[in-house]
Amino acid sequence: MGTALFDGTEQLINGLMYGCFYALVGGGFTLLFGVLRRFNLAYGSTIMAGAYAGLIPVYLFKAPVLVLFVTTIVVSVLVGLLVEFCCFRFLRKGHELAPLMTTIGMLIVIDETIVHLTDAVGLKYPAPFGDESLALGPFLIRPDYLAILVVSIACFSAIFWLMHRTRFGRAMRAVAERPEAAQILGVSVRRVNVLTFVLTSAMAGIIGFFAAVSVGSARPEMAAWLTGKGLVVMVLGGLGSFPGAILGGLALGVLEFEAVWFLGSSYRDILAFSILFLILMVRPGGLLGSRPA
Amino acid sequence: MEYYIAIASIIGIHAMLGLSVYLVAISGQMSFGQQGFFALGAYLAGMSTALWGLHLLPALALGVVVAAVVGLLVGFPALRVRGLYLAIATFGFGEIVRLAFLNVRYTRRIGDRVVGPNASEGFRHVRYIYDRGITPLEYLGIILLALAVVVVLFFALERSKLGATLRAVEEDEVAASMVGINVTRAKVFGFTAAAGVAGLAGGLFVHYSSYIDHDMVALPLAIASVTYPIFGGLGSFVGPLLGAVVLVGLTESLRALHDAREIIYGALIILTMLFRPRGLVDEALVLRVKGWLRPRAVRRPAPAP
């Protein structure tokens, strides 16, 4: 096998695994947007808050990684409910910009609280999967990426099951389709909204854990980075389409890894945003979405 | 005193950014990419004076023109998408510009300094106002003069047919096109002019601070420039001005509280949106004020049926 082809394949494998992580981020944004028809710009901050909070039991009691993982999820859910309560629940209907602004306000509050509490320094994260690369045939892969792959597949399966096999999932899809009609038929839109926040915030906890693990630390830049990537993935796949978000995440992961390897790391983000811009111009509905109304 | 001059300068520059977003918003669009035009204006104007030895005025003009031309080129394809899609597309554009400046190196050695855009180290030593002996107070005058010109243009725009056209597009694009308004042209005009205003703000900023780098035109600046008009209100150009004065003034006056001031800032935005979802100066308030200002004779009671 030629070197370029070999390297390309190795980066393809890594890109697909890391793409699962992007798919999770984009999926969280997509689920919220699909049901609420609104952006939650505080989602990146929810993720970051969970990642930081997970470290508290570790620093205090030297708790095992499992406790850290559970703490990230629990705290993310609590922060998510706080976002719903402060930014969405009491907002008057019919103003598209107001929820954008309230979540920006929340983003500032959460980020600054974390910066204030930690003096803006990154906190070291444990490496539960070790840092020895695993050999998959001739290719070397990172163990934490492999864990991301396994966990995100579990996550996606659970969400598909939830969406298509349970009463809650049916209510969620009904609200996403037509909130008024769903309300008339007896679906509590508020309940669905709150439960959607619980679901996506639990995802945020998982995302936060893996984001911090793959970088090796919890950092204040995480929120902006994840928000940027999440929005790109969401648009790539088509706003509100969950399978589209998975596809978009995988595509972004592969493209970034190939770009870093063949073009150098300084072109990685510029490539992501150029693709975003082009896709919006050529296919405004995203890869799997319909044309926006 | 110098402290207050600095705050006033920042308010003037940020007010222009707010007006830039506002101009896009009154045709019903939302841009998260004005910081990209700000960066273009800043780098171009800075290179003009620091590297090419131009006078400040043509330098600023060059920044405005380049930003506006790019705005036109970006606006045509970008305005095919609407609402939240456009918000993301424009943010993508802003990031592309920022990341481009993160990689561009175009420097020259002048004396013992390296001048020019120097990739991740930023663009240092834009020393025009120091070399010419312009004091901060005089430069504040230049900023406020430029702001006054922009405000007068906005004042005229809001009273012109063009202003009404933009508002009509915001209300209902289909209805607007039914009465013969070229919707695309109106939107692209708004976007191009807004890009020029952001470019002007950038050019003024780089000479004020003598320095700019890619970090200064990232997401926080996008958020700030969007916050001014939405917080201040989209009913009139007074809204973004008020937003910039209140929010910049507030962060500065709360300096004694250190980090807590940012938290208060965020909380204040949330509270304002809950009670006034169209901002402080919304359309209803503008109509009421216009009612007060109108001569009494015109305000006849409605004829009895």
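Predicted model: local features only at pLDDT ≥ 70, side-chain atom pairs only at ≥ 80, totals over all residues.
Two packed helices are described by the angle between their axes and the distance between the axes.

**Helix pairs within chain B**

- On the α2(B) side the meeting residues include Phe37(B), Phe38(B), Leu40(B) and Gly41(B), while on the α9(B) side they include Ala198(B), Gly199(B), Gly202(B), Gly203(B) and Phe205(B).
- Sorted by class, the contact of α2(B) with α9(B) comprises 13 nonpolar and six polar residues, with no charged residues.
- Helix α1 (residues 2-25) of chain B and helix α11 (residues 238-253) of chain B have axes that come within 8 Å and cross at roughly 140°, and the two helices are therefore oblique to each other.
- The crossing in which α1(B) passes α11(B) is right-handed.
- From α1(B), the residues that meet α11(B) are Ile7(B), Ile10(B), Ile11(B), His14(B), Ala15(B), Gly18(B), Leu19(B) and Tyr22(B), and among their counterparts in α11(B) are Pro240(B), Leu241(B), Val245(B), Val248(B) and Glu252(B).
- The class count for the contact of α1(B) with α11(B) is eleven nonpolar, five polar and one charged residues.

**The contact between chains A and B**

- Chain A brings 35 residues to the contact and chain B brings 33 residues.
- Four helices of chain A, namely α3 (65-89), α4 (97-118), α9 (222-237) and α11 (268-282), each supply at least two residues of the side that touches chain B.
- Of the elements of chain A, α4(A) gives the most to this side, with 13 residues.
- By class, the side of chain A that touches chain B holds 24 nonpolar, seven polar and four charged residues.

- Helix α4(A) has 22 residues and reaches 32 Å from its first C-alpha to its last, close to the 32 Å expected at 1.5 Å a residue.
- Because 16 of the 22 residues of α4(A) are buried, this helix is largely enclosed by the rest of the structure.
- The axes of α4(A) and helix α12 (residues 260-275) of chain B come within 8 Å and cross at roughly 160°, so the two helices are roughly antiparallel to each other.
- The crossing of α4(A) and α12(B) is left-handed.
- The residues that make this contact include Met101(A), Ile104(A), Gly105(A), Ile108(A) and Glu112(A) of α4(A), together with Glu262(B), Tyr265(B), Gly266(B), Ile269(B) and Met273(B) of α12(B).
- In the contact of α4(A) with α12(B), twelve residues are nonpolar, four are polar and two are charged.

**Positive phi angles and helix ends**

- Most residues other than glycine have a negative phi.
- Helix α2 (residues 43-61) of chain A has 19 residues and reaches 29 Å from its first C-alpha to its last, close to the 27 Å expected at 1.5 Å a residue, and Lys62(A), just after this helix, takes a positive phi of about 55°.
- In the loop between β2 (113-117) and β3 (123-124) of chain B, Ala119(B) has a phi near 45°, and it counts as partly exposed because it has 16 C-beta neighbours inside 10 Å.
- In the loop between α9 (183-209) and α10 (219-232) of chain B, Ser210(B) has a positive phi of about 70° although it is not a glycine, and with 16 other C-beta atoms within 10 Å it is partly exposed.

**A buried glycine in chain B**

- Gly94(B) is found in helix α4 (residues 83-103) of chain B, and it counts as buried because it has 26 C-beta neighbours inside 10 Å.
- Leaving aside residues up to four places away in sequence, Gly94(B) touches Phe32(B), Gly33(B), Gln35(B), Gly36(B) and Ala222(B).
- Gly94(B) and Phe189(B) are 95 residues apart along the chain, and their C-alpha atoms are separated by 19 Å.

Technical notes: Residues numbered from 1 in each chain as written. Chains lettered and ligands numbered in written order. Axes fitted to C-alpha atoms, helices over the stretch in contact; angles between N-to-C directions. Parallel < 35°, antiparallel > 145°, perpendicular 65-115°, else oblique. Left-handed = near helix turned anticlockwise from the far one by under 90°. Contact = placed C-beta atoms within 7 Å. Nonpolar A, V, L, I, M, F, W, Y, C, P; charged D, E, K, R; others polar. Expected span 1.5 Å × (residues − 1). Buried ≥ 20, exposed ≤ 12 C-beta atoms within 10 Å, placed from the backbone.
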